[in-house]
Amino acid sequence: MSEQTQEPGSSAPRRVVVAGAGMAGVQTAVALREQGFTGTVLLIGAEPHQPYDRPPLSKAVLLGKAEGSAFDVDFEALGIELRLGCEVLGLRPEDHELDTENGPVPYDVLVVATGAEPVRLPGAEGVPGVHLLRTLDDAERLRPVLARRHDIVVVGAGWIGAEFATAAREAGCAVTVVEAAERPLAGALPAEVAAPMARWYADAGAVLRTHARVAGVEPGAVLLDDGSRLPAGAVVVGIGARPATAWLAGSGVALGVHGEIVADEHLRTSAPDVYAVGDCASFPSGRYGERLLVHHWDNALQGPRTVAVNIVGRATGETPAVYDPVPYFWSEQFGRFVQYAGHHAAADTTLWRGEPSGPAWTVCWLRGDRLVALLAVGRPRDLAQGRRLIEAGTPMNPVLLQDPARPLKAATA
C-alpha cells in the first residue's frame, strides 16, 4: 500500500494491544507468545464473558448441550492480560493510542480484530421476540425459545439461517424461512449449486419461502410484502454481517466499500504500527487476483499467525510473511456436513462429482485446468484432497475429475 509507513527493521515493540477477543484476537495473542514475543500483550474484548468460540452457538449451546464455548487457553500462564467488558471507541494513530470506554490505551503495535456485527432488520428494532444469533448472550436468550417449541420465522436463508433452522427443527419447533432472493445462499453460490440445497428444507420439515420480502414485524407475526402474515412466536434475523469498524471513523485507517479495513498482503493497515485480521479486514489475494473479505472461522484462525510472525520479525528486518490462504469454511445443516474451499468467482468450468439428489456430492470449479474451488457435501475426503490440489495449483483431468469413485488426488492431468 502506498501509504504504508511501517518498515522492517524498526525498533522492537514492547506492548502489543489486540482490539477484539473473538477467535482472531485470541489467536493473535496466543501466536505472539508462540513466536517468542516477550513484551506486554493486552487483549481487549467488548463482551464481559471469558473469550469464546462462536460456531457452537448455533449448535450445542443453542440446544442446551453445552453451557458455553470458552477457549481452552490459559491466558494467565501465557502472560496475556485480559480487559473484558470494554468497548473500543476510537483510534488516534498519531498518538499510538486506542480510545476505549475505560479511557485511552497506549500501544506500540495495535492489532484490530473486532470482527463483524449482524445486519439488523429495518423496522424490527425493539419489537418483542426478534432475535439475532451472534453472541453467547444471543444464544442464551434463544435457548428457552427453542425449548418452548415456538413457531419460528427465520429471516434469511444464508449459512446462519440454515444452521439455526436446523437447530430449531431438531428442538421440535415449526420453522418458516423467508428469503428475499430466488434461492437460498444467493450471495454465496451459483443457482445450479444452491438448487439441490433448497430441497433440504422441506426434507427437514421446514418451510422455505423465496422471493419473500419482509414488509414489517409486529409482536407475534411477520408481515410479507405480498400481504402474507406469518405467525411467529419468535423471529430470528440472519441477513448477513458487516465489519465492525464504525469506531474507526476519522482515524485515517483506510476502509473498503463494505466498511472493512483495507489491509495489505502482510495484513498491515494504512496506519503505522496497526494490523488487521479476521472478519473486519480484507486482503489482496495473489492466488485469486482480487481482494478477499472472508467472514469465516478458518480465516480468523490462520490470519493471526501471519500477523504474529510479522510483528515479531519487524525488529530483525525479516522479510514480512504474505497472507494468501485458500479460504475454507464448513456448515452443518439438515443432517449434512457442507464444506467449501477456495474462491470460485473467476472459474470458467463447473463439474459435478455425484448426483446432487443423493446424500453425498461435490462441485468442482476450474479455471483452465486448475482447481480453484470446491463444495463438498458429505465428502470430506474430496475437500481435504481438493484443498491441497488448489494450494499446489495442480493441473486436473476434467474427465477423471467427474468420476465420484475416483479419489480427487488421482484425477490429475
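User: Before we start, what should I know about the model and its numbering?
Analyst: It's a predicted model, where local features need pLDDT of at least 70, side-chain atom pairs count only at pLDDT 80 or more, and totals for chains, interfaces and linings use all residues. Residues are numbered from 1 along each chain as its sequence is written, and side-chain values use heavy atoms, with hydrogens and water left out.

User: What makes strand 23 and strand 26 a pair?
Analyst: Two strands pair if DSSP finds at least two bridges between them. Strand 23 (residues 336-342) and strand 26 (residues 370-377) are joined by 5 bridges, so they count as a pair. They run antiparallel, and Val338 sits opposite Val377 in strand 26. Strands here are DSSP runs of E, at least two residues long, and helices are runs of H or I, at least four, all numbered from the N terminus.

User: Why are strand 22 and strand 24 said to stand at the edges?
Analyst: The open sheet goes 22-23-26-25-24. Strand 22 (328-333) and strand 24 (349-353) each have a single partner strand, so one side of each is left without a neighbour in the sheet.

User: How do you know that helix 4 packs on the sheet, and which strands does it touch?
Analyst: Contact means heavy atoms within 4.5 Å. Helix 4 (residues 159-170) touches strand 22 and strand 23.

Methods. Axes are lines fitted to C-alpha atoms, for helices over the stretch in contact, and angles run from 0 to 180 degrees between N-to-C directions.
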